[in-house]
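Hi,

Here is the structure I promised to pass on. Have a look first, and my notes follow below.

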Amino acid sequence: MSIITALSGNEIYCLKQKGFEAGNLVIGNSVFALGFISSIGSGLSTLLGGEVEPVTRLIHDGRQQSYLRMMAEVKTHGGVGVTGISSDLVFHGTNIEFLSIGSTIHNTNGDTPAENVFSASADGQELYCQMDCGFHPVKFVFGNVAYSIGVGGGIIGGLRSLARGEVKEYSDVFNNTRHLALERIVSEAGAAGANAVLGIQTSISPIGAMQEMLMIGTAAKHPLLPAASNETPISSDLTSTEMWNLMQTGYCPIKLMLGVSVFSVGLVGGISAFFKGFVRGEISELTTLIYEARENALNKISIEAAKCGADDVIGIKTYVYDLGGGILELMAIGTAIKKTTEIKPATSNLLVQAVIKDTHTFFNSADSSTSLSLNQPTRNLRSPFGVTLLIIIYVVFMFLSRLMSH
């Protein structure tokens, strides 16, 4: 019977070098009523922001249920593992589907697994890089947190009259919330008997009146990592090719770093920035605000890196979120690394096939809201709310202008 797989030619080639061959595509799903999820967080307007634990648990259970159903399908195919796993949310009107998809792989010698089947978020190319660095895949793991940004009379209403600068109370709330997802994915890796979680991908998605921060990655075991990693596995959001090159130069990832800073532009600064937004030129209030927020977030990463004994923090990426009411959140993410002489890749040169990026051969010019790539992690979808708000602001501005001219 023919094999139907999501693995590309490059992935199949890379996996063959590690003794694997392609198996069938496997799918697991679970559908929940979106209204039920939203009702749990219906009173969020009075909150100051932070985790909504009942929703976190419900979404976690939905993701876990779809994953387990997918793994049951892997076993029916007699696979030794499944790679390239995604954990997506698909919205069907008033329902939400938790969807797990991956590709089964088999031993090239035909042996079936004796006990546990491994699973990985890493695709075939990434898995090759990880295994060449000595990391043996154990389990697909994820950590999530559903949270409120404190709409209504909470974070936005309470900060309108505050002076410009960091709002430390909310920086602490959001910093703790963001770190919960990381703590949970690391904890899940440790529970699976791994001492590392690699290739972490982070996404933030809207769910009703809330947001969900999700981290997925591959829990793996390396025999040469320090004993402390058995208690607290190392974590990294480096791509597997980045990690391979890094370890070839004598460094090893030790911890994913997060720094969060929440700043208020202040009432006076907000009004000033609003009117400057309609004329040409720099808005200095926002320029300096975002600069200071970024520096503050990076400083938090620097402090955390010093605590864990890192030599450097690499691959830093920064993201800005507008929470409304002149409140901005800036989040910085990177990976702390440390010099090592014990761990090196098995080969001296990385396969070309492990680096090549596949070219997309399907293009959809229809509205993106009508389709979803089922082989990629869920990413933020743009909401029409922002566009609507800009239109309303513009209409009000024009109305006031005409009124004043009379």
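Lysine 317 and aspartate 237 form a salt bridge, with their closest N and O atoms 3.3 Å apart (a salt bridge being a side-chain nitrogen of Lys or Arg within 4 Å of a carboxyl oxygen of Asp or Glu). This pair ties together distant parts of the chain: lysine 317 sits in strand S12 (residues 312-324), aspartate 237 in the loop between strand S10 (234-235) and helix H8 (240-248), 80 residues apart. Helices here are DSSP runs of H or I with at least four residues, strands are runs of E with at least two, and both are numbered from the N terminus. Lysine 317 is partly exposed at 32% relative accessibility, while aspartate 237 is buried at 12%. For those words, buried is under 20% relative accessible area, exposed is over 50%, and partly exposed is in between, with a 1.4 Å probe and protein chains only.

Before going on: this is a predicted model, where local features need pLDDT of at least 70 and side-chain atom pairs count only at pLDDT 80 or more, though totals for chains, interfaces and linings use all residues. Residues are numbered from 1 along each chain as its sequence is written, and side-chain values use heavy atoms, leaving out hydrogens and water.

The whole structure has 8 salt bridges. Another of them joins arginine 178 and glutamate 329, closest N and O atoms 2.7 Å apart. That one also links distant parts of the chain, from helix H6 to strand S13 (residues 327-339), 151 residues apart. Both ends are buried: arginine 178 at 2% relative accessible area, glutamate 329 at 1%. In the bridge between glutamate 53 and arginine 57, the closest N and O atoms are 3.9 Å apart. Those two are 4 residues apart in helix H3 (residues 53-76), so about one helical turn separates them. Glutamate 53 is partly exposed at 45%, as is arginine 57 at 49%.

Which charged residue is buried yet has no salt bridge? Glutamate 11, whose nearest side chain of opposite charge, lysine 357, is 9.8 Å away (Lys and Arg count as positive, Asp and Glu as negative; His and the chain ends are not counted). Glutamate 11 lies in helix H1 (residues 9-17), and its side chain reaches the backbone nitrogen of serine 8 at 3.0 Å. Leaving aside residues up to four places away in sequence, it touches Ala6, Asp123, Gly124 and Gln125, contact meaning heavy atoms within 4.5 Å.

That brings us to helix H4 (residues 124-132): 8 of its 9 residues are buried, so the rest of the structure largely encloses it. Aspartate 123 caps the N-terminal end of H4, with a side-chain oxygen 3.1 Å from the backbone nitrogen of glutamine 125. Just after H4, glycine 134 has a positive phi of about 95 degrees.

On cysteines, there are 0 disulfides in the whole structure (pairs of cysteine sulfur atoms within 2.5 Å). Cysteine 129 has its nearest cysteine sulfur, that of cysteine 133, 7.0 Å away, and cysteine 129 is buried at 0% relative accessible area. For cysteine 252, the closest cysteine sulfur is also in cysteine 133, 8.8 Å off and too far for a bond.

Finally, the overall numbers: the chain has 11 helices and 13 strands, and 45% of its 406 residues count as buried.

Cheers

Conventions: Polar contact = N/O pair within 3.5 Å; in protein donor to acceptor, adjacent residues only side chain to side chain.
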